[in-house]
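Have the structure open while you read.

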Amino acid sequence: MRTDHMGKITGFLDFERVDETYEPKEHRKKHYREFIPRLTDEQAKIQGARCMDCGIPFCMSGCPVNNIIPDWNDLVYRQEWKAAIETLHSTNNFPEFTGRICPAPCEEACVLRINEDAVGIKSIEHAIIDKAWEEGWVSPQPPLQTTGRKIAVVGSGPAGLACAQQLARVGHAVSVFEKNDRIGGLLRYGIPDFKMEKWLIDRRMEQMAAEGVSFRAGVRVGAERSAKGVPDWAAETISADALRAGFDAVVLAIGAEHPRDLPVPGRELDGVHFAMEYLPLQNKRVAGDKDVPGLWATDKHVVIIGGGDTGSDCVGTSNRHGAKSITQFELLPMPPDVDSNPVWPYWPVRLRTSSSHEEGVDRDWSIATKEFLGEGGKVKALKAVRLEWKDGKMSEMPGTEFTIPADLVLLAMGFVSPVQSVLDAFGIEKDARGNALATTDGAGSYTTSVPGLFAAGDVRRGQSLVVWAIREGRQCARAVDEFLMGSSELPR
Ligand SMILES: Cc1cc2nc3c(=O)[nH]c(=O)nc-3n(C[C@H](O)[C@H](O)[C@H](O)COP(=O)(O)OP(=O)(O)OC[C@H]3O[C@@H](n4cnc5c(N)ncnc54)[C@H](O)[C@@H]3O)c2cc1C
Ligand code: SF4
């Protein structure tokens with residue numbers, strides 16, 4: 001890291017935080033494109049100047065890939081954009097993904113946040129990488145020599161892609177297997193296009209192909225079809241044994257796709273769906289696919305169960321479909337709506353309102369669903385009850401039962417674990433939650449109980465964030481390289 005001062009010494013006193021501006025909600029609700037243009041060079045410069053060189057950059061430890069944030073803030077302040085992207089790429093393979101959809105734990109850890117608005121770190125990251133692509137500074141980095149070792153990466157989400165890119169750059173022959181018909185994991189099928197447009201993934205794939213990565217979409221590894229609620233458009237299968245026989249090492253980066261169900265009366269009714277039966281269809285429509293099954297929210301009373309990110313994405317998509325009403329229920333109590341926060345530099349529990357929420361939804365907390373009510377096999381209403389929370393325990397409040405109309409219910413209550421049959425096909429040990437068992441530090445990190453078989457991303461840590469998946473993919477690549485070559489130049 002640089003030791004001279006970062007940014008403008010008095011920048012945080014002179015300038016206020018400028019957030020990226022959003023297209024007005026009435027406009028953006030009519031389309032599926034991104035609606036947050038990046039900062040101009042001048043705005044980014046001022047934002048970079050707000051970084052106050054606090055000495056111990058808590059933001060860097062708040063960032064799961066440990067982005068060297070003060071350095072690139074300073075470089076942007078000086079308008080040295082090319083050096084800024086080099087610094088950013090040294091820790092993050094895909095800043096265009098995180099610069100758009102990371103919840104930015106770095107900003108919660110920013111020292112300015114103690115009594116001011118944090119530096120707009122994520123918006124600066126967004127500006128650096130988008131400018132770098134525009135200027136043609138992002139090019140393939142093919143290896144200088146090849147090793148002759150073959151590696152299979154199973155799963156093409158951010159963990160698999162980061163791992164594959166790192167391994168290809170040190171000369172290994174990497175093949176990425178993906179059961180769905182397109183590469184990208186939840187970046188492709190899950191996260192709506194209005195949060196992240198998908199040509200961004202295609203552009204990275206082109207770079208990676210030029211670095212030697214080969215992509216095998218539509219191939220399911222481990223022969224069993226995935227369970228209900230798990231997108232699976234495989235046209236071929238390959239068994240775990242056949243895959244292992246063809247490669248020197250295998251990385252499992254299959255995510256944590258098994259959705260949490262809600263086994264209350266009426267669950268079997270038509271119109272009650274897992275969020276991941278709904279969201280990917282819209283991604284496919286935006287991609288121009290024909291014959292996409294007709295699951296729409298148009299003119300429906302939509303009830304979304306689960307107050308997290310996935311639920312918020314269902315809100316945004318339902319609004320774009322033209323739903324009649326949208327309600328989102330959460331089991332937990334409503335978090336406090338506070339900005340100053342004693343838990344700095346950690347991630348605070350506070351009410352978060354996403355851009356999708358701003359577009360229109362009724363949100364309610366401490367609600368438990370009791371039953372889905374139907375007519376002619378189709379869901380028509382939802383019966384629920386209010387909860388009281390005391391010392392972390394919930395109880396139903398007598399006399400608070402209510403019924404609301406519901407023609408489409410989307411279950412967005414999180415994910416239990418990876419699909420177990422795939423882990424079983426490889427015969428690896430699991431932790432108590434059913435994730436692939438592997439540590440993240442010391443000798444043998446990211447190694448499963450089966451030698452030569454590695455695990456990274458949500459499959460190992462449970463459903464998490466894109467930036468954590470990138471971190472694990474990068475670190476796992478180093479572990480694989482060490483396993484195959486005895487030592488590695490890749491970053492830890
Ligand atoms: C709707 C939704 C919205 C989200 N929004 C955000 C967000 O805004 N910001 C954020 O940081 N995080 C978000 N997340 C979380 C984030 O997407 C994940 O943590 C991240 O994608 C995990 O990366 P991964 O590479 O481990 O797994 P995944 O992205 O899940 O990728 C795993 C891939 O493996 C493939 N696969 C599985 N089994 C097999 C098999 N047997 N054979 C071949 N391929 C297989 C799957 O099809 C999938 O493509 C969101 C999650 C969801 C569900
Ligand atoms: S990746 Fe996320 S946590 Fe890291 S600097 Fe970017 S926005 Fe912040």
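A salt bridge here is a side-chain nitrogen of Lys or Arg within 4 Å of a carboxyl oxygen of Asp or Glu. Keep in mind that this is a predicted model, where local features need pLDDT of at least 70, side-chain atom pairs count only at pLDDT 80 or more, and totals for chains, interfaces and linings use all residues. Residues are numbered from 1 along each chain as its sequence is written, chains are lettered from A and ligands numbered from 1 in the order in which they are written, and side-chain values use heavy atoms, with hydrogens and water left out.

**Salt bridges**

Searching the whole structure turns up 35 salt bridges.

| Pair | N to O distance |
|---|---|
| E34 and R100 | 2.9 Å |
| R204 and E96 | 2.5 Å |
| R478 and E482 | 3.1 Å |

Take E34 and R100, which pair up through their side chains at 2.9 Å. Helices (H or I, at least four residues) and strands (E, at least two) are DSSP runs, numbered from the N terminus. Both E34 and R100 are buried, where buried means under 20% relative accessible area, exposed over 50%, and partly exposed in between (1.4 Å probe, protein chains only).

R478 and E482 make a local pair. They sit four residues apart in helix α18, so about one helical turn separates them. Is R478 buried or exposed? R478 is buried, because its relative accessibility is 11%. E482, with a relative accessible area of 32%, is partly exposed.

There is also a network of salt bridges, and it links R28, R320, E358 and E359.

**Around ligand 1**

How many residues surround ligand 1? The shell has 37 residues, and the closest are I101, E178, K179, V221 and D458; a residue is in the shell if one of its heavy atoms lies within 4 Å of the ligand. By class, the shell contains 18 nonpolar, 11 polar and eight charged residues. For that count, Ala, Val, Leu, Ile, Met, Phe, Trp, Tyr, Cys and Pro are nonpolar, Asp, Glu, Lys and Arg are charged, and the others, Gly among them, are polar.

Several elements each give at least two residues to this shell: α10 (158-169), β2 (173-178), β4 (219-221), α14 (309-321) and α18 (466-485).

A ligand nitrogen lies 2.7 Å from a polar backbone atom of I101. A ligand oxygen is 3.0 Å from a polar backbone atom of L186, and an oxygen of the ligand is 3.1 Å from one in S464. Of the 990 Å² of accessible area that ligand 1 has on its own, the protein covers 98%; areas come from the Shrake-Rupley method with a 1.4 Å probe.

Most residues other than glycine have a negative phi. A104 has a positive phi of about 60 degrees without being a glycine. A104 is in the loop between α7 (95-101) and α8 (105-109), and it is buried, because its relative accessible area is 8%.

Y446 also has a positive phi, near 65 degrees. Its loop runs between α16 (420-426) and β18 (453-455). With a relative accessible area of 1%, Y446 is buried.

L331, L332 and M394 make a nonpolar surface patch of about 270 Å². Patch residues have over 30% relative accessible area and no salt bridge, with nonpolar side chains (Val, Leu, Ile, Met, Phe, Trp, Tyr) joined within 5 Å and like charges within 9 Å. L332 is found in the loop between β10 (325-329) and α15 (355-358), and is partly exposed at 45% relative accessible area.

Methods
A polar contact is a pair of N or O atoms within 3.5 Å; within protein, one must be able to donate a hydrogen and the other to accept it, and residues adjacent in sequence count only if both atoms are side-chain atoms.
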